[in-house]
Amino acid sequence: MGERLQEGLPKKIRAWVRWGWVCALYFTGMLRWAKRSLAAQQGVVVLTFHRVLPDDEFAKTFSPTGMVMRERTFEEAVKYVATHHSPVAIDAHPPADRTDSGKLCVAFTFDDGWADNAHFAAPIARKYGVRLAIFVCPGRMGLSFPFWPERIASLCEAAGRGGYLAQIIERVTARAGRKIESKGERGSKQAEVQLIALLKTLPAEQRGSIVTDLFEEFGHRLEGENFEMHSTMTWDELQELSRQGVLFGSHTQTHQILTKLSADAVERELMDSKQTLGQRLGRPCFAFAYPNGNWSQEVRASVAKAGYTLAFRNVPGAWTADTDPLLIPRVNVWEGTVVNPLGRFSPIAFDYAVFWRSYRKDKERTEASYPI
């Protein structure tokens, strides 16, 4: 109900309305009730992060808003979980086999394998005794600007400044056969979000062709931009983190949305990444995360056939003994989900974004399974 009330309101007002709803849940005891209900299931709430950046890089990144968290916010979140909950590692054992102090179990995972995971996130996690799991794409390791959403975002931002945003929108929508809404050159952020969403719906080959052609036509206008912060970690960094206890899993070979690929291409993405990681790490790769969270029964069957024993999607919920091990829920966490309207980390906001959403999603699934 709280999220529906926010629709159509200006951004700042939405933030305060959301905060009022969160505080109401806290003071009525509903957040504590949700946490107790999740803990009673003896499961794990799995968190998904992507990028952790210091303030200066946070302000400049081309990564989508829902992928980025400030370094200081991440440290507060890790400290909060380590102090008040039970941080656990992702491993091959079912949650029911875990023994803990009775606190709610929380696991930290990262997708994509950005270099900042090694530079900023991992040292913070190690400081508080939290073991991370990072899902990487072997075919995108050690690259600058490795993923197409950041490429599109960089083009949109430069086009908004340079007055040619309409040309980029026209190129993409003509090739995709669909239109988007735009507020002119001042709507570069809106266009960026809509173009990325549109491109995600396209087959991988068509999307790749469009992005490549856009960069050939407009990429020269990005000269002078610093893209170093948009790099994935190197194999040396990955192996060092592995020695420190970080668990690595597959996120496909090249970060393809598997539901947009042929069965043969899906198999290659799954097997190539699994084999490469196994060779690089000297141990079998058993964990997988679906890119963009997209899966189907056919894709799930391919994941099982490839030999993965755990696979994670992007839907809130608790990972319990009854959970399909190849469809484990996770909660996406980013800066805006865990701070108050003044931009400071808030345990209440964290509990709402992580535990309330997981509790509500589990409740909806239970009610759907056992209708009254």
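Contact here means heavy atoms within 4.5 Å. Keep that in mind as you look around this predicted model, where local features need pLDDT of at least 70, side-chain atom pairs count only at pLDDT 80 or more, and totals for chains, interfaces and linings use all residues. Residues are numbered from 1 along each chain as its sequence is written, and side-chain values use heavy atoms, leaving out hydrogens and water.

**Stop one: two helices.** Select α8 (residues 165-176) and α9 (residues 188-200). Helices are DSSP runs of H or I with at least four residues, strands are runs of E with at least two, and both are numbered from the N terminus. L165, I168, I169, V172, T173 and A176 in α8 meet S188, A191, L195, L198 and L199 in α9.

**Stop two: a glutamine.** Now select Q253, in the loop between β7 (247-250) and α12 (263-281). Is Q253 buried or exposed? Its relative accessibility is 16%, so Q253 counts as buried (buried is under 20% relative accessible area, exposed over 50%, partly exposed in between, with a 1.4 Å probe and protein chains only). Show its surroundings: leaving aside neighbours within four places in sequence, Q253 is in contact with C137, P138, G139, R140, E269, D272, S273 and T276. Zoom in on S273, whose backbone nitrogen lies 3.1 Å from a polar atom of the Q253 side chain.

**Last stop: confidence.** Colour by pLDDT, the predictor's confidence in each residue, from 0 to 100. The protein's mean is 90, and 89% of its residues reach 70 or more. Then select residues 366-372: their pLDDT is below 50, and beyond near neighbours in sequence this stretch has 0 contacts in the model. Where pLDDT is low, the predicted coordinates should not be read in detail.

Notes. Polar contact = N/O pair within 3.5 Å; in protein donor to acceptor, adjacent residues only side chain to side chain. Axes fitted to C-alpha atoms, helices over the stretch in contact; angles between N-to-C directions.
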